[in-house]
Amino acid sequence: MVVGSGAGGLTGALMAAQAGLRTLVLEKGEFLGGMTAYAGGCMWLPGNRVTAAANPADSAEGGFTYLHGLAGDTSPVEMQRAYVDTAAELVEFLMCHPDLQFEYQPFPDYFEAEGRVHGGRGIFAAPLPLNRAADVAETIRPPVPQDRFGLKLDRTELVGGQALIGRLLLALRRHTDVVIQTGSRLTALILDGGRVLGVEAVCDGRTEEYRAARGVLLSAGGFEANQELRSQWQGNREVRWTGAPPTHTGDAIVAGINAGAAIARMHEAWWAPMLARPDNTSSFLVGFQGGIFVNGTGRRFGNESLPYGRMGQLILDLEARGEPALPIWWIFDDRFDTAPCAVVDPIDVTEFRQAGLWHTDSTVAGLARRIGLPPSVLDETVARFNLFAQNGVDDDFARGSDEYDQFFALPEAERNPCLIPIEKAPFHAVQIGLGDIGTKGGLVTNADGQVLDTDDRPIEGLYASGNTTASSTGHVYAGPGAPIATSMVFAYRAARHAAEAST
C-alpha cells in the first residue's frame, strides 16, 4: 500500500507491481502527482546512463564525493551512499518500462565543490504528447498557473514534473493489480503488536480500513500547508510562504509519530526566496535575471544569482545573526516589464501595487522612501552595483562568476550578463520573503526506507520516502531535482525490500 501519488509514491507502486504485489495507492486530493506535478521535474541521479551518454564526466563516486562533502554528518552517511549508489539502478529499472523515457538537459549543480560536474547531472522525463495520454493528463494536478491562478493553458504535451507523473501512470496502467484511489485522507496506521497492518482513511466522508499484508509506504509530502505543525517545529514560518499544494498537511508524518516513529530535522525545508502575492500566498521564483536584493538596511547581502536553495539559506543566516532579513526588496529598473526572472507566476501589477507589494518611483531615493529604507543608503547601493555592472565584476559577492549564475542570465550586459545596471527610470521594488518548496524533516528511515522507532529499530511493515521523511541530504540542497530523486530512490528501495521480505 502506498500513501501519496507524487513521483516517489508512484515509483514505489511500480516497483511493488513489478515484483508481483497487488498494490493500492491512496491519494488525499482529487488529483494525482503531489508536489511533483508543480515541479520542473529534474531528477538528480548521479552515475545514470542517460546523463553519462551526454556528460561522460559524471559518475556515482563523483556524485557521492560531492554530496557527502556538502552534507557531511547532517544526515547518516549510509543514507547518502544508498541514495547515490541506487541512482543508476533506479534509472535502469524505470527504463525497462516502454512508457518511461528520459533525457539529459544541462542544469548546473548548485555548489562549486569537489565532485561537481560541468553542465550538471540532472535528467528529465521526455515530453509526453497529450494525444497519447489525454485521459491520464486529466487526473494529474494541473500546473501552478492553472491550479492556483485559474489560467487556461493550451497544451499539446506534458512536460517537466507533469510528464514524469504522466509516464509513471502509463507504466502503472500496464499492471492490472494496481488500484489508484483519490479522495482518501490518511488518519491513522493500523498496528498489531508493533507491526503496521494497514491504514485507516476517510473516503467520501466514511472511515475505511485498508489492510496491507506486505507493508505500507508513506510518500505523501511534508507538513508545508499545516500552520499548527509549522508553528510547532519552525517557529514563525507561515503557510503562505510555501509553494506546495494545500493537501500537504503532514498527515503521514503525524500517523507515523502516533505509531512510535522517530522524527528528525523538523526545522528544515527546501528553502527558497518567494514572491509575496496580494492574496496572501507566494510564488516560487527560479533564475533571477536582473535587479538586486536589499534587506532592511537598504544594502545588498549576497549574490542574487545564487541557486534558490542557497539564497534561502543565506536569508536564514541573516536571521541567525540578528540582521534585518525580511522583508527583502527586489530593486530593478524599467527595462523590465515584469519581475525579471526566468520562471515567475502571472503578475497583475495593479493588484500588487494596491497590496503594497510593488512600488515605483522616478528616482531611487524616492523609491527608498516609499518602502521605508534610508534614501541615501539605497542610492549608494544602486550606484555601487552600477559601477560593478560597468566593470563586469561584482567586488562584493562575485555575482556572475559561477556556472549556475550564468545559466539563466540574459545576454544583455557585455562584460557580465548577471550584472545589468539599474539606471532606466522609473525604478521598481517588489517584496520577497523566505519560503520553501517543501519541508524536509519527518520520519527517520534507514537505507531501505524502513521507518525507525525512537529506539532506532525498524517498525515492521512501515516504510517512507520523500518529504515525509528526514531528508537523506541533511541540511543541503545539492543540485536540481534532489527532492524528487531522493523520494524516488528510497520509495524504490522500500518497495524492493517489502517484496523481498515477503518471499
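Predicted model: local features only at pLDDT ≥ 70, side-chain atom pairs only at ≥ 80, totals over all residues.
## Two helix pairs

Two packed helices are described by the angle between their axes and the distance between the axes. Take α1 (residues 7-18) and α7 (residues 160-173). Their axes lie 10 Å apart, at an angle of about 20°. Angles under 35 degrees count as roughly parallel, so α1 is roughly parallel to α7. The crossing of α1 past α7 is left-handed. From α1, the contact uses Ala7, Leu10, Thr11, Ala13 and Leu14. From α7 come Leu164, Ile165, Leu168, Leu169, Ala171 and Leu172. By type, the residues of this α1 and α7 contact are 10 nonpolar, one polar and no charged.

The second pair is α12 (residues 364-371) with α13 (residues 375-391). Here the angle is about 130° and the axes are 8 Å apart. The two helices, α12 and α13, are therefore oblique to each other. α12 passes α13 in a right-handed crossing. Val364, Ala365, Ala368 and Arg369 make the contact on the α12 side. Pro375, Leu378, Asp379 and Val382 make it on the α13 side. The residues of the α12 and α13 contact comprise six nonpolar, no polar and two charged.

Helix α3 (residues 60-71) is 12 residues in length. From first C-alpha to last, α3 reaches 16 Å, close to the 16 Å expected at 1.5 Å a residue. Its buried residues are Gly62, Gly63, Phe64, Tyr66, Leu67, Leu70 and Ala71. Those buried residues of α3 pack against β3 (43-44) and α4 (77-95). Just after α3 comes Gly72, with a positive phi of about 55°.

Helix α10 (residues 308-320) has 13 residues. Its first and last C-alpha atoms span 18 Å, close to the 18 Å expected at 1.5 Å a residue. Buried in α10 are Tyr308, Gly309, Met311, Gly312, Leu314, Ile315, Leu316 and Leu318.

## A glycine in strand β21

Gly435 is part of strand β21 (residues 427-439). Is Gly435 buried or exposed? The relative accessible area of Gly435 is 1%. Buried means under 20%, so Gly435 is buried.

Which residues does Gly435 touch, leaving aside neighbours within four places in sequence? The contacts are Trp241, Trp270, Trp271, Ala272 and Met274. Arg141 is 294 residues from Gly435 in sequence, and their C-alpha atoms are 21 Å apart in space.

Most residues other than glycine have a negative phi, and most peptide bonds are trans.

Pro327 sits in the loop between α10 and β18 (328-333). Pro426 lies in the loop between α14 (403-407) and β21.

Ala398 is partly exposed, at a relative accessible area of 36%. The loop between β23 (450-452) and β24 (458-464) holds Asp456. With a relative accessible area of 57%, Asp456 is exposed.

Conventions
Residues numbered from 1 in each chain as written. Heavy atoms only, no water. Axes fitted to C-alpha atoms, helices over the stretch in contact; angles between N-to-C directions. Helix = DSSP H or I, 4+ residues; strand = E, 2+ residues; numbered from the N terminus. Parallel < 35°, antiparallel > 145°, perpendicular 65-115°, else oblique. Left-handed = near helix turned anticlockwise from the far one by under 90°. Contact = heavy atoms within 4.5 Å. Nonpolar A, V, L, I, M, F, W, Y, C, P; charged D, E, K, R; others polar. Expected span 1.5 Å × (residues − 1). Buried < 20%, exposed > 50% of the residue type's maximum accessible area, 1.4 Å probe, protein only.
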